[in-house]
Structure formats: C-alpha cells, structure tokens
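Work through the following exercises on charged side-chain contacts, using the model shown here.

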Amino acid sequence: MIKAILTDIEGTITRISFVKEILFPYAAAHLPQFIRDHQHDAAVAEQISAVRAELDNDSADIDTVIAALLEWIAADKKITPLKQLQGLVWQFGYTNGDFTGHLYEDAYQFLTQQKADGRNLYVYSSGSVKAQQLLFAYSDYGDIRPLFSDYFDTKVGAKQEISAYQNIIAALPYEAEQILFLSDIIAELDAAKAAGMHTLQLFRDAQATSPEHPVISSFEHFDEGAFS
C-alpha cells in the first residue's frame with residue numbers, strides 16, 4: 001500500500017517549457033550581474049568556491065567562474081553549485097513578480113487530494129531545494145509548500161543513480177515498497193524501481209515510454225488500486 005509519494009518536478013507536475021523557456025533564460029540573463037553584485041555574500045561566495053572546485057582551479061577569477069556557469073546552463077548540466085546559484089537568481093525573479101511557478105492543474109488537484117487522503121508528499125528534483133521551494137511558494141496556485149513534507153536534490157545523488165533513491169528511502173519513515181515515485185524520465189524510474197519503489201511515468205511531451213512502468217498522460221487517470 002502506498003503511504004508516500006515522491007515526485008519529480010519538470011515534465012511531471014510542471015511543463016518542461018517553463019524551465020527551458022522561462023527559468024533558464026532568466027538565470028542566464030541575470031546571473032552574471034548577480035554574481036558580480038553579491039560575490040562577497042556568504043551564500044554566493046560558498047557556491048563560487050564550489051564552482052572553482054568543479055573547475056579544479058582554486059584561483060579562477062570571477063569572469064572564469066561566470067563563463068563556466070553560463071556554459072553549464074547552455075549544456076543543461078546538473079551541477080550542484082550552478083543549481084544553488086540559479087535558485088538565488090530565481091528568488092529575485094519570483095519576489096519581483098517577473099514570473100510565477102507553473103503547475104499543471106491536474107497535478108495540483110492530485111497533490112492536494114493525496115495530501116488530504118493522508119499520504120505524505122516529497123519532492124526529488126535536479127533543481128536545488130531552494131529552487132523547488134521558490135517554485136511552490138510562488139506557484140500559479142499560491143504558496144503550496146505546506147503540501148510537502150520534505151525536499152531532495154542532487155545532494156543525495158544523481159537522479160539516474162540507484163543509490164540516490166536508496167539514500168532517500170533511508171531518510172524517510174517508510175519501506176521502499178510503500179513509496180511511489182513519479183517522473184517523466186525512464187532512466188529515473190528504472191533507478192527508483194531498482195531501489196524498491198513503485199513507479200509511475202507521466203507522459204506529458206511525447207517522450208519515450210517503457211513497459212517496465214505504468215504510464216498516464218494526466219493525473220486524472222491515476223488508478224490508486226494499481227498500487228495496492
């Protein structure tokens with residue numbers, strides 16, 4: 001019986017284009033000046049040091065750091081200091097009213113109903129925990145952070161690694177088979193299933209599917225009985 005739901009964000013409960021067309025371009029446009037203006041702030045300085053470590057160059061100047069970050073954005077790299085810095089830039093955008101966090105209507109209704117039915121909800125995304133919380137704090141439906149019990153990002157491991165899901169299971173008060181993982185990506189679902197979780201794929205953007213995982217195109221088609 002499913003007692004907890006672990007959900008991906010992009011392509012699962014939000015449209016991929018929101019990240020690709022709104023968040024990433026916003027970060028690319030604003031990140032250089034943001035870093036120059038805030039490079040001595042503790043939170044930003046910590047991530048700049050992490051970028052230098054990724055580059056294996058402790059003496060990299062700020063221009064080199066910014067250039068690396070922009071290259072990572074263009075290549076859609078899932079690198080933790082980039083995600084942390086993007087989260088800080090997006091915070092400015094959200095609080096400034098430049099955009100709100102997109103959420104599919106069926107996803108919002110599903111999450112709200114699952115919470116009302118007594119299931120705890122968790123998030124696992126390649127975006128930083130800070131970025132996740134910002135999206136939900138400034139969502140199209142207002143602040144929906146109270147729906148979620150906890151958040152996970154790449155600090156627990158990459159989303160296609162079995163060990164990442166094992167780390168999440170270890171952090172939750174549930175057995176693996178009591179957790180349902182939602183994603184649009186087969187490789188992520190494969191890793192979660194290998195760790196013992198139930199899986200469900202959201203078919204949102206004509207991506208590949210696999211017979212190894214149940215598939216729905218909308219949460220309106222969610223069949224609770226299939227996992228009991």
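A salt bridge is a side-chain nitrogen of Lys or Arg within 4 Å of a carboxyl oxygen of Asp or Glu. The model is predicted, so that local features need pLDDT of at least 70 and side-chain atom pairs count only at pLDDT 80 or more, while totals for chains, interfaces and linings use all residues. Residues are numbered from 1 along each chain as its sequence is written, and side-chain values use heavy atoms, with hydrogens and water left out.

**Exercise 1.** Determine which parts are tied together by the pair aspartate 63 and arginine 36.

Solution. Begin with the contact: the two side chains, of aspartate 63 and arginine 36, form a salt bridge at 2.8 Å, N to O. Aspartate 63 belongs to helix H3 (residues 62–74) and arginine 36 to helix H1 (residues 16–38), so the pair ties together parts that are 27 residues apart in sequence.

**Exercise 2.** Decide whether glutamate 188 is buried or exposed, and do likewise for lysine 159.

Solution. Start from the cut-offs: buried means under 20% relative accessible area, exposed over 50%, and partly exposed in between (1.4 Å probe, protein chains only). Glutamate 188 has 9% relative accessibility and counts as buried, and lysine 159, with 7%, is also buried. Finally, salt bridges with shared partners join Asp8, Lys159 and Glu188 into one network.

Conventions: Helices (H or I, at least four residues) and strands (E, at least two) are DSSP runs, numbered from the N terminus.
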